[in-house]
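Here are my notes on the model you asked about. Please read them with the structure open beside you.

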Amino acid sequence: PDRDVGLSERCTFEERILLGTLPEDQEMRRLRTILAVTIWLAVLAVGRSASTEPANDQVKKDEIAIRQIVANWDQGWKVFDPELTTRDYAADAEWTNAFGISRKGKGEIHKFLADLYKNPGIRSRQSTPSTTTIRFIRPDIVTASSYRETVGQKSASGAAYPTRKTHDLRVLVRDKATWSI
């Protein structure tokens, strides 16, 4: 027994725990400290994840709403419905198409598309659904970058355009719970 006590006195704290020669009150203090730190870290981790969940839920809801806006636009072009295409534009929206024609305001954009959709060269076109990437600039401002391919569109002279590869960039703003372009 004396030999064991002498050896344990020359050992480190950790070695004394392994040898079982640490006085019981010191070992209990150490275990309580480890337990307290573990509980504190667990509470911190749970608190942190709970505080970020609403933000993540809101981001998911926002992304769904924004993808629906792009889907409305795609569907509006598919069925040549200017109301559906422009449904989510703000009253003061600015729009420029792939040919450089620009319109300002939801009403002007709607009128332009209503006239354009009457064109047989436009009505012969078909597009793939947009593939969209969403980037949050701020919680209430996002960019939605979309890509799609269009076939079958004809020029005014009736000549077929080659496959059109179109990239759109939309800036959307949330006012209260509503997103608009």
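1. Basis. This is a predicted model, in which local features need pLDDT of at least 70 and side-chain atom pairs count only at pLDDT 80 or more, while totals for chains, interfaces and linings use all residues. Residues are numbered from 1 along each chain as its sequence is written, and side-chain values use heavy atoms, with hydrogens and water left out.

2. Overall fold. The protein has six helices and seven strands. Helices (H or I, at least four residues) and strands (E, at least two) are DSSP runs, numbered from the N terminus. Along the sequence the order is α-α-α-α-β-β-α-α-β-β-β-β-β.

3. Burial and surface. Of the 181 residues, 28% are buried. Buried means under 20% relative accessible area, exposed over 50%, and partly exposed in between (1.4 Å probe, protein chains only). The accessible surface is about 12,400 Å², and carbon and sulfur atoms hold 57% of that area. Such areas come from the Shrake-Rupley method with a 1.4 Å probe; for residues, only the protein chains shown count as cover.

4. Core. The largest nonpolar core has 19 residues, and Ile66, Tyr89, Leu113 and Leu172 have the most contacts inside it. H3, helix H5 (106-116) and strand E5 (141-151) each supply at least two of its residues. H3 gives the most, with four. A nonpolar core is a set of buried Ala, Val, Leu, Ile, Met, Phe, Trp, Tyr and Cys residues joined through side-chain atoms within 4.5 Å.

5. Leu113. Apart from neighbours within four places in sequence, Leu113 touches Trp77, Pro82, Thr85, Thr86 and Trp95. Contact here means heavy atoms within 4.5 Å.

6. Strands. E5 pairs antiparallel with strand E4 (residues 131-138) over seven bridges, and a hairpin of two residues joins E4 to E5. Thr131 has Tyr147 in E5 as its bridge partner. E5 also runs antiparallel to E6, with ten bridges, and Ala144 stands opposite Arg170 in E6. Strand E3 (residues 126-127) is joined to E5 by two bridges, again antiparallel. Two strands pair if DSSP finds at least two bridges between them.

7. Two loop residues. Phe80 is not a glycine, but has a positive phi of about 55°. Phe80 lies in the loop between helix H3 (24-79) and helix H4 (82-86). Is Phe80 buried or exposed? Phe80 is buried, because its relative accessible area is 14%. Lys176, also not a glycine, has a positive phi near 60°. Lys176 sits in the loop between strand E6 (164-175) and strand E7 (178-180), and counts as exposed because its relative accessibility is 76%.
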